[in-house]
Amino acid sequence: MSSAVELWQRYQDWLYYHVDLGIYVDISRIGFTPDFITQIQPKFVKAFADMKALESGAIANPDEHRMVGHYWLRSPELAPTEELRRDITETIDRIEDFTQKVHAGDIHPPTADRFTDILSIGIGGSALGPQFVAQCFAKADVPLKISFLDNSDPDGIDLVLDLLGDRLSTTLVLVISKSGGTPEAANAMKEVEFAFKKAGLDFAKQAIAITGVGSALEKYAIGNNWLDQFPMYDWIGGRTSELSAVGLLPAALQGINIRDMLRGANLMDAATRNEDMRQNPAALLAMAWYFAGNGKGEKDMVVLPYKDRLLLFSRYLQQLVMESLGKEKDLDGNTVYQGIAVYGNKGSTDQHAYVQQLREGVPNFFATFIEVLQDSAKTHPEVEEGVVTGDYLLGFLQGTRSALYDNGRDSITVTIPVVSELTVGALIALYERAVSFYASLVNINAYHQPGVEAGKKAGAKVLALQKKLVDTLRSSTVSLSLQEIAVKIDALDEIESLYHIARHLHANCKILFEGDLSKPMTLKLMLIPQ
C-alpha cells in the first residue's frame, strides 16, 4: 500500500484536466506499474491508427460493410463526402426549425393550440440515450414533458398511456427505429395507434418517424401522411446515436440546448485525438480498464454517479460498453470471450445497498465514481455548522473511494464541474472513444452485435412455434396433451418451449389447461373461443 505522500504524487502524475470543459479524469487508484505502461504503448500506437482510419471513413464494421461515423455528427467537416457533411448539418437545422415551430404552436395537434407531451417509442440505443439525457435536464417547466415506451410489456404500455390520459390528444409521438422492423418498437407503435383510434384521434397528425432512409417505417410514415420524418444513418449504431436525430430531436423538444451538447462532444473528441496517452482522457480510461481486467474483462465496472441527475448513466453505459465489447470472436476469428460487465446506480444511496460487498466481498470489480463539483444552482441551508448537504455527498464519495482503495479495490474518478449540456455531451463522447480504444487494444469489432441478432432470431422462432400450437388446437375437436401437439407439429425437441408458450396463453385466457398444473406432462390443452 502506498503512503499518503506517494499517493498524492501519483494523483498529480496521472491526473487529466480539460481546461475548456473543466473535466478531470483520475486513474491514480488503478494499480498499474511503469512496466505495464511500457508494454501497452505499442497497442496504443495501433489504437490511434485505427481511430484515424475510422474517422476517415474506413469500413470499420466489416460484418455489415459499413463505415462508423458517430464522430462526424459533432464534426461534420470530418465526414468523407460533401453529401454526408451536408446531410448532417441540414438535419440539425431541420430539428431546430421543427422544434421552434412546435414550441411556437405553428405545428400543433388537431384539437389544441400546443403539444404538451412527447411519447418516444424505441428500444435499446433508441431509448437509453434519450432517457439518460431527459433525466439529466428534467425540470418543472419543460416545453414538452417526455414519456417512453421501450419494451413489449403490455402492462408497461398501459401504465404510460394511462398516465398520459386525456393528454394523448396533445402528445407528439416519436417512433424511432432504423428499419421499422424491430419488434419492440413496431409493437409499441401498433399499441399507440390503437389507443389513438380508440380515443377518436388521428395518429398520423401527431406522429414523427426517426428511421433509415428508404426503410419500411419511412415508407409507412410517408404513405400515411405523418407529420415528418428524420433520418437514422446506417453508419450510426443505436448505442452511439444519442447525438443524431435519435437523441437530438427529443432533447430539443424538451428545451435542451443541443448545440451545446454537440459542442461538448466536439471538444472532447478533439482531446481524445491526442496521441500522447497521458494527455488523452479516453486512452487513460481504456488503459485503466485493460489493466483492471487483465485485458480479458476479468473484473466488472461498477459505475457510481454521485448526482441524482446522472442516475441513468450506468444504464446508458451498460449498452455502450457491453454491446460493443461483449464478443466471442476477435477480428482474426479466434475465440476470446471479451467484454466488461457494467452495473451500478448512484451514490450515496447505493452505499447502503452494495458498498459492503464492494469493500469486503469478492474483489471482482473496479469502481468508477462520477463526481459533480457544483452542488446546486440554489442556496441550501446548513445541516451542521458550516456544512451543507453537498458537503456530505463529497464526504461520502471520497470516503468510499478511500475505503475501497485501503482494501485493495481499484477505482477511477471522473469529475465534471456541473451537469450541463456541454458536460453531458462531453461525457458521451469520452466513453464512446474509450470503448473504441479498448476494442482496438483487445482486437475485436466494437460495432456489430451478433448476439443481439441471435436473440431476435430465437424470439421469432418461439412466435412461430406458438402459431403452430394454436393452429393445431384450433383444428382439433378434442383437447390434446403437449406430447400429442409436439408430435403433430414435429417439435418434440421443442416440447419445453411449447410448455412455456402454453402456460403464457393459459395465464392470458387463450387456452384452457385440464389436469395437474404441477405435472406439465399430464396436462391437456384446449383452445378457448375468443
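This is a predicted model: local features need pLDDT of at least 70, side-chain atom pairs count only at pLDDT 80 or more; totals for chains, interfaces and linings use all residues.
## A guided tour of the interface and its surroundings

**First selection: the two domains.** Colour the protein chain by its three parts: domain 1 (4-55 + 268-448), domain 2 (70-256) and domain 3 (451-527). The centres of domain 1 and domain 2, taken over C-alpha atoms, stand 31 Å apart. At their boundary, 29 residues of domain 1 are in contact with 23 residues of domain 2. Together the two domains bury about 2300 Å², and carbon and sulfur atoms account for 58% of that area.

**Next selection: the side of domain 1 that touches domain 2.** Select helix 2 (34-55), helix 11 (313-325) and helix 14 (421-441); each of them supplies at least two residues of this side. By class, the side consists of 14 nonpolar, 10 charged and 5 polar residues.

How many salt bridges cross the interface of domain 1 and domain 2? The rule finds 3 there, while a search of the whole structure finds 23. Show the side chains of Asp269 and Arg74, which meet in a salt bridge with an N to O distance of 2.6 Å. Asp269 belongs to helix 9 (residues 258-271), whereas Arg74 sits in the loop between strand 4 (66-67) and helix 3 (82-104), so this pair ties together parts that are 195 residues apart in sequence. In general, side chains of opposite charge can pair when their charged atoms come close.

**Next selection: Gln449.** Move to the loop between helix 14 and helix 15 (450-474), where Gln449 lies. Which residues does Gln449 contact, leaving aside its neighbours within four places in sequence? They are Glu64, Arg239 and Glu323. With the side chain of Arg239, the side chain of Gln449 makes a polar contact at 2.7 Å.

**Next selection: two backbone details.** Most residues other than glycine have a negative phi, and most peptide bonds are trans. Two places in this chain may be viewed with that in mind. Select Gly347 and Ser348, which are joined by a cis peptide bond with omega about 0 degrees. Ser348 is placed in the loop between strand 13 (342-344) and helix 12 (355-360). Then select Tyr337, whose phi is positive, about 50 degrees, although the residue is not a glycine. Tyr337 is part of strand 12 (residues 335-338).

**Last view: the whole chain.** Zoom out and show the secondary structure, which comes to 17 helices and 18 strands. The radius of gyration of the protein chain is 26 Å, close to the 24 Å that the globule rule gives for 530 residues, so the chain is as compact as a globular protein of that length. Along the principal axes, the C-alpha atoms fill a box of roughly 85 × 60 × 55 Å.

Key
Residues are numbered from 1 along each chain as its sequence is written. Side-chain values use heavy atoms; hydrogens and water are left out. Domain bounds come from an automatic or database domain assignment. Contact means heavy atoms within 4.5 Å. Buried area is the accessible area (1.4 Å probe) that two parts lose on being put together, summed over both. A salt bridge is a side-chain nitrogen of Lys or Arg within 4 Å of a carboxyl oxygen of Asp or Glu. Helices (H or I, at least four residues) and strands (E, at least two) are DSSP runs, numbered from the N terminus. Ala, Val, Leu, Ile, Met, Phe, Trp, Tyr, Cys and Pro count as nonpolar, Asp, Glu, Lys and Arg as charged, and the others, Gly among them, as polar. The radius of gyration is taken over C-alpha atoms; the globule rule is 2.2 Å times the number of residues to the power 0.38. A polar contact is a pair of N or O atoms within 3.5 Å; within protein, one must be able to donate a hydrogen and the other to accept it, and residues adjacent in sequence count only if both atoms are side-chain atoms.
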